[in-house]
Amino acid sequence: GMIKCVKYSVICLFLLLGVYAQADDRPYLCEFGVQGGCGYYVGDATPHIFMNVREAYGAHFRYKFTSRWALQVKGLSQRIVGSDYTIRGEQLDTQWENQMINIDVMAEFNFFRYGMGKSYTRVKPYTPYIFLGVGAAVYGYGQENFSIDNVACYVPLGIGFKWKFAEWCGLNIAWQHNIYMTDNIECRETLDNKHQLNGWNWMNCDVTGQLTLGLVFEFGRAPGDCRICNY
C-alpha cells in the first residue's frame, strides 16, 4: 500500500510539473520598456537629418494582439537644435534649442512571428518591424525655462529590430521619423509659419526624428491556448 501511494504521488507530481511548465511557456502579452539615444530636427534652420543631434529618452507600453501585430504607446523627450541661420545674407539668430515632449500611439507589424517558447516553434526571438501611428508634441521656447507654449500633431513612422535574449526581456532598436502638421516648432518668428500659408503642404512642414536603443520587460501571460503564436 505504501509503495503504491508513493508511486501515485510521484506520478501526480510529474503531471503537475508538466502542466506548470506548459503554462509557463505561454507568451507574454504586455511589455514595458525604456529607451535612450539621439534625436534631431529638420526644418527651416536645419536641412538634413542627424545634424545637431541631442539626447532623446523615454518609455513605452506595448500590447501584443498576435505574434505579428502590436500596439505601442510611447512618451519621449528630446531637444531640437538649429544652427545659425540667415535670410538673404542677413544674420538673424545664433544657434538655438527647444525642449519637446512627444506622445505616440502606433501600430506595429513584425516581419517574423515574434516570441520565445519551447512549445511554439513557429515563433522567432528576433524580428525586424515597421510602425505607423499618430502623435502629439508639446514644445516650448528654450531649454532652461521650458514652458508649454505650443501643441502640434504629427505622423510617426519608422523601422526597428526586436531581439528577445531571455524569456521576459529583450532589446529594441528603432529609427522613428515624425512628420508634423505645422511649420512652427522652432518658436522663432522668422522661421515659423505665422500666417498658416503652408497649410497641408507636407514639403514645408517640420520634421523630428529619433534613433534609440531600448530595454524591454514583458509581463501578463496569454490566457488559455496560445492563439497569439499562430498569427
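**Salt bridges in the predicted model**

Student: In this predicted model, is E55 buried, partly exposed or exposed?

Tutor: The relative accessibility of E55 is 33%. Buried requires a value under 20% and exposed a value over 50%. Because 33% lies in between, E55 counts as partly exposed.

Student: With which residue does E55 form a salt bridge, and why does the pair tie together parts apart in sequence?

Tutor: The closest N and O atoms of E55 and its partner, R79, are 2.8 Å apart. R79 belongs to strand β3 (residues 69-82) and E55 to strand β2 (residues 54-64), so the pair ties together parts 24 residues apart in sequence. The partner asked for is R79.

Student: Which strand holds E97, with which R79 forms a salt bridge?

Tutor: In the salt bridge of R79 with E97, the closest N and O atoms are 2.7 Å apart. R79 sits in strand β3, so the pair ties together parts 18 residues apart in sequence, with E97 in strand β6 (residues 96-110).

Student: Is R79 buried or exposed?

Tutor: R79 has a relative accessible area of 13%. The limit for buried is under 20%, so R79 is buried.

Student: How many residues apart are E167 and R221?

Tutor: E167 and R221 form a salt bridge, with closest N and O atoms 2.7 Å apart. E167 is in the loop between β8 (150-164) and β9 (169-180), whereas R221 is in strand β10 (residues 207-221). This pair links distant parts of the chain, and the separation is 54 residues.

How values were computed. Residues numbered from 1 in each chain as written. Predicted model: local features only at pLDDT ≥ 70, side-chain atom pairs only at ≥ 80, totals over all residues. Heavy atoms only, no water. Salt bridge = Lys/Arg side-chain N within 4 Å of Asp/Glu carboxyl O. Helix = DSSP H or I, 4+ residues; strand = E, 2+ residues; numbered from the N terminus. Buried < 20%, exposed > 50% of the residue type's maximum accessible area, 1.4 Å probe, protein only.
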